[in-house]
Amino acid sequence: MIKGFEPKISLGQNFLTDERLLRQLVEQTPLTSEDTVLEIGAGQGEFTLALAERCKNVITIETDGRLEKVLRERLSSAPGVRLVMDDVMKLDLDELMRGYGAFHVAANLPYYLTTPILNLLLHSVMPIRSISVMVQKEAAQRVMALPGTPAYGPLAVAAAYRSTPRAALSVPASAFSPPPKVDSVFLVMPCLDRPAVSVKDERTFRQVVAAAFAMRR
């Protein structure tokens, strides 16, 4: 942790600082030395640097302006890293990633934005090769839920439509600083070359799924 830095609960800031664990997470991803990664939430830069050791380019987004100075200092030693200070939910990600070709996504997601960010990525037309994200255990269960189970919903449908999600690693709350109230799971979601089913109009497909789960009975 940065000395004197107070994490904001409103931003869902729970940082991972264990270098061995961070390397384990990176090893679980399908990343290679020629890949480009979009990281959502640079935090204090630990995961960013672990990704940079593995990849050619890391474009990392951070919304907390208090972290900019330390991030620019810490990431200056990694030439393949580009820091973008902005809100991922307001950015034009297609414009940001244009010119990099197909890319991967990695993140220690703020829990309150897990579903909006995953929906943003899974419904995107960008050439995303994989999505590797740290999420709270309950969210992981919703992503990987099977039809007919209580947790099955629109997020599970979107995940199965675009990817093959798996729980790569369980991470206890004690691994974070400050520790959250729940344990977490590192999800690795290799994206399919083609959607799992053929859909003529994806917008209508999403609307039908949302309407169906709004009326479960």
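**Exercise 1.** In this predicted model, find how helix α1 (residues 19–28) and helix α2 (residues 46–54) are placed against each other, and classify their crossing.

*Solution.* Step 1: the axes of α1 and α2 come within 9 Å and cross at roughly 50°. Step 2: angles under 35 degrees count as roughly parallel and 65 to 115 as roughly perpendicular. α1 and α2 are therefore oblique to each other. Step 3: the crossing in which α1 passes α2 is right-handed. Step 4: α1 contributes L22, R23, L25, V26 and E27 to the contact, and α2 contributes E46, F47, A50, L51, E53 and R54. Step 5: sorted by type, the residues of this contact give 6 nonpolar, no polar and 5 charged.

**Exercise 2.** Describe the unit made by strand β3, helix α3 and strand β4.

*Solution.* Step 1: β3 (residues 57–62) pairs with β4 (residues 81–85) in the parallel sense, over 5 bridges. Step 3: with α3 (residues 68–75), the two strands make a right-handed β-α-β unit.

**Exercise 3.** Give the strand order of the open sheet of 7 strands and identify its edges.

*Solution.* Step 1: the order is β4-β3-β2-β5-β6-β9-β7, with mixed pairing. Step 2: β4 and β7 (166–171) each have a single partner strand, so they stand at the edges. Step 3: neighbouring strands are turned by 15° against each other on average, direction ignored.

**Exercise 4.** Locate β7 relative to β9 and α1.

*Solution.* Step 1: β7 and β9 (residues 184–190) run antiparallel and are joined by 5 bridges. Step 2: S170 has V185 of β9 as its bridge partner. Step 3: α1 packs on the sheet and touches β6 (128–136), β7 and β9. The direction of α1 makes about 175° with that of β7.

Terms used: Residues are numbered from 1 along each chain as its sequence is written. This is a predicted model: local features need pLDDT of at least 70, side-chain atom pairs count only at pLDDT 80 or more; totals for chains, interfaces and linings use all residues. Side-chain values use heavy atoms; hydrogens and water are left out. Axes are lines fitted to C-alpha atoms, for helices over the stretch in contact, and angles run from 0 to 180 degrees between N-to-C directions. Helices (H or I, at least four residues) and strands (E, at least two) are DSSP runs, numbered from the N terminus. Angles under 35 degrees count as roughly parallel, over 145 as roughly antiparallel, 65 to 115 as roughly perpendicular and the rest as oblique. A crossing is left-handed if the near helix is turned anticlockwise from the far one by less than a right angle, and right-handed if clockwise. Contact means heavy atoms within 4.5 Å. Ala, Val, Leu, Ile, Met, Phe, Trp, Tyr, Cys and Pro count as nonpolar, Asp, Glu, Lys and Arg as charged, and the others, Gly among them, as polar. Two strands pair if DSSP finds at least two bridges between them. A crossover is right-handed if, with the strands pointing away from the viewer, the path from the first strand over the helix to the second runs clockwise.
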